[in-house]
Amino acid sequence: MAPAAARTIKDFLHDTKTSSEDYDLILTGDLGYTGTELLHEILEIEYNLNIQSVHNDCGLMIYDLKKQDVNSGGSGCGCSASVLCSHILKRIKNGELNKVLFVATGALMSPTSTKQGQPIPGIAHAVLIQK
């Protein structure tokens, strides 16, 4: 999912002629700790982009990794929905955030592909949320 998120973020920023600094928050769906590290690495190495100062991931935000034994964080579409609809939209409504790039991530699971040893393709969609 991290490669799909990286391409989507790069393409969105390029198409809109913006940079990461133009956003209060760039939020990914459910990459968790490992996926977030990979996202940052791909963006820096392949696209010369650094979003770390404005990036967070719903899979990281839904748990406290230091206090809860959840390994890499949350996974699945529930992370995106829970964090976006509760925490993030409230912060936008309160004026704490004005411009959020939300990059929902997901895996296209296929039992056939998995049994054949094929990789699991990832997908990412970018949505701009502004107050």
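Reader: How many residues does H2 have, and what span is expected at 1.5 Å a residue?

Author: This is a predicted model. In it, H2 has 16 residues. From first C-alpha to last, H2 reaches 21 Å, close to the 22 Å expected. The expected span is 1.5 Å times one less than the number of residues.

Reader: Which residues of H2 are called buried?

Author: The buried residues are Gly-32, Gly-35, Thr-36, Leu-39, His-40, Ile-42 and Leu-43. Each is listed as buried because its relative accessible area is under 20%.

Reader: What puts them on the same side of H2?

Author: The arc does. They cover only 165° around the axis, so they lie on the same side of H2.

Reader: What covers that buried side, and which exposed residues sit on the face turned away from it?

Author: The cover includes helix H1 (2-15), S1, S2 and helix H3 (58-61). The face turned away carries the exposed residues Thr-34 and Ile-45.

Reader: How do you know that S1 and S2 pair, and in which sense?

Author: Count the bridges. Two strands pair if there are at least two bridges between them. S1 and S2 (residues 55-57) have 3, so they pair, in the parallel sense. Thr-28 stands opposite Asp-57 in S2. The chain goes from S1 through H2 (residues 32-47) to S2, a right-handed β-α-β crossover.

Reader: What makes S1 and S3 a pair?

Author: Bridges again. 4 of them join S1 to S3 (residues 99-107), and the strands run parallel. At least two are needed, so S1 and S3 count as paired. Here Thr-28 stands opposite Val-103.

Reader: Which way do the residues of S1 point?

Author: Leu-25 and Leu-27 point one way. Ile-26 and Thr-28 point the other way. All are buried. In a regular strand the side chains alternate between the two faces of the sheet.

Reader: In what sense do S3 and S4 pair, and over how many bridges?

Author: The sense is antiparallel, over 9 bridges. S4 covers residues 122-130. Ala-107 stands opposite Gly-122 in S4.

Reader: Are Cys-58 and Cys-85 buried or exposed?

Author: Cys-58 has 0% relative accessibility. That is under 20%, so Cys-58 counts as buried. Cys-85 has a relative accessible area of 56%. That is over 50%, so Cys-85 is exposed.

Reader: What is the phi of Lys-17, and where does Lys-17 lie?

Author: Its phi is near 50°, a positive value in a residue other than glycine. Lys-17 is in the loop between H1 and S1. Its relative accessibility is 74%, over the 50% cut-off, so Lys-17 counts as exposed.

Reader: What is the phi of Asn-48, and why is Asn-48 called exposed?

Author: The phi of Asn-48 is near 55°, positive in a residue other than glycine. Asn-48 follows H2, in the loop between H2 and S2. At 70% relative accessibility, Asn-48 is over 50%, so the word is exposed.

Note on methods:
Residues are numbered from 1 along each chain as its sequence is written. This is a predicted model: local features need pLDDT of at least 70, side-chain atom pairs count only at pLDDT 80 or more; totals for chains, interfaces and linings use all residues. Side-chain values use heavy atoms; hydrogens and water are left out. Buried means under 20% relative accessible area, exposed over 50%, partly exposed in between (1.4 Å probe, protein chains only). A crossover is right-handed if, with the strands pointing away from the viewer, the path from the first strand over the helix to the second runs clockwise. The arc is that of the directions from the helix axis to the C-beta atoms. Contact means heavy atoms within 4.5 Å.
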